[in-house]
Amino acid sequence: MTTPPELTTAEADLLGYIRIHAELYERSAPGTAGWAYRSTYHLLLQHGRFFEPAALPIGIAPMTEKLCYGNASTTARRRPGLVYVEGFAAAGVGGDSVVPLAHAWCASTDGTVVDPTWKDGWGQTYFGVPVVDPDRWPDPAAGGSVLDSFDLLRTGLPSQAFGDIGRRSP
């Protein structure tokens with residue numbers, strides 16, 4: 001049996017951010033008590049995985065900032081072998097500081113990030129759920145979050161729609 005790798009500071013901070021928000025939902029959203037996931041944060045804590053930041057590969061052009069859901073969906077549709085991933089990423093703001101943001105990106109089957117929205121080096125760590133079913137990816141033109149769907153939070157994840165890509169948190 002192998003020991004899981006330790007978390008980097010950025011990974012621990014991002015996971016802490018998600019845990020704190022899940023705890024806040026426990027106290028402030030009693031109407032979601034019977035749902036499969038009380039919030040997107042709960043879904044991420046149960047199914048989320050870490051992804052390895054990397055430079056944008058040659059041949060994939062950077063896309064418009066602030067349109068990450070549509071950008072990731074478009075890129076995954078254009079590039080066989082890439083999967084749409086949604087969750088949170090920590091953006092570097094200088095020094096050791098990171099800012100957690102809801103974000104979408106693509107990943108290769110080995111868990112390497114392909115982020116068509118953020119400039120290389122901006123994403124310090126990525127934690128999300130890989131969506132392998134293209135029918136669940138956002139419309140490239142409209143964008144929008146997959147994981148914030150009330151139906152998904154109420155009923156749970158259909159196992160065939162989500163993949164085993166990335167590194168589970170310890």
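Reader: What makes R38 and E26 count as a salt bridge?

Author: Their closest N and O atoms are 3.1 Å apart. A salt bridge needs a side-chain nitrogen of Lys or Arg within 4 Å of a carboxyl oxygen of Asp or Glu. R38 and E26 meet that rule, so the name applies. The model is predicted: local features need pLDDT of at least 70, side-chain atom pairs count only at pLDDT 80 or more, and totals for chains, interfaces and linings use all residues. Residues are numbered from 1 along each chain as its sequence is written, and side-chain values use heavy atoms, with hydrogens and water left out.

Reader: Where do R38 and E26 sit in the chain?

Author: R38 is in the loop between α1 and α2, while E26 is in helix α1. They are 12 residues apart, and the pair links distant parts of the chain. Helices (H or I, at least four residues) and strands (E, at least two) are DSSP runs, numbered from the N terminus.

Reader: How many salt bridges does the structure hold?

Author: Five. One of them joins the side chains of E65 and K119, at 3.0 Å from N to O. E65 is in the loop between β1 and α3, and K119 is in the loop between β4 (113-114) and β5 (123-131). They lie 54 residues apart. E65 is partly exposed at 43% relative accessible area, while K119 is exposed at 58%.

Reader: How do you know that R154 and D151 are separated by about one helical turn?

Author: They are three residues apart in helix α4 (residues 150-155), so about one turn separates them. An α-helix has 3.6 residues a turn, so residues three or four places apart point the same way. The side chains of R154 and D151 also meet in a salt bridge, at 2.9 Å from N to O. R154 is partly exposed at 40% relative accessible area, and D151 is exposed at 52%.

Reader: What makes S39 buried or exposed?

Author: Its relative accessibility is 2%, so S39 counts as buried. S39 lies in the loop between α1 (9-28) and α2 (40-47). Its side chain reaches the backbone nitrogen of Y41 at 3.2 Å.

Reader: Which residues is S39 in contact with, leaving aside its neighbours within four places in sequence?

Author: Y25 and L153. Contact means heavy atoms within 4.5 Å.

Reader: Why is helix α3 described as largely enclosed?

Author: Nine of the 11 residues of α3 (residues 68-78) are buried, so the rest of the structure largely encloses the helix. Among them are C68, G70 and T75. The cover over the buried residues of α3 includes β2 (83-92) and β3.

Reader: What makes V99, L101 and W122 a nonpolar patch?

Author: A patch takes residues with over 30% relative accessible area and no salt bridge; like charges are joined within 9 Å, and nonpolar side chains (Val, Leu, Ile, Met, Phe, Trp, Tyr) within 5 Å. V99 has 36% relative accessibility, so it counts as partly exposed. V99 is found in strand β3 (residues 98-107). Together the three residues have about 230 Å² of accessible area, by the Shrake-Rupley method with a 1.4 Å probe, and for residues only the protein chains shown count as cover.

Reader: How many helices and strands are in the chain?

Author: Four helices and six strands. The chain is as compact as a globular protein of that length, because its radius of gyration is 15 Å, close to the 15 Å that the globule rule gives for 170 residues. The radius is taken over C-alpha atoms, and the rule is 2.2 Å times the number of residues to the power 0.38.

Definitions and conventions: Buried < 20%, exposed > 50% of the residue type's maximum accessible area, 1.4 Å probe, protein only. Polar contact = N/O pair within 3.5 Å; in protein donor to acceptor, adjacent residues only side chain to side chain.
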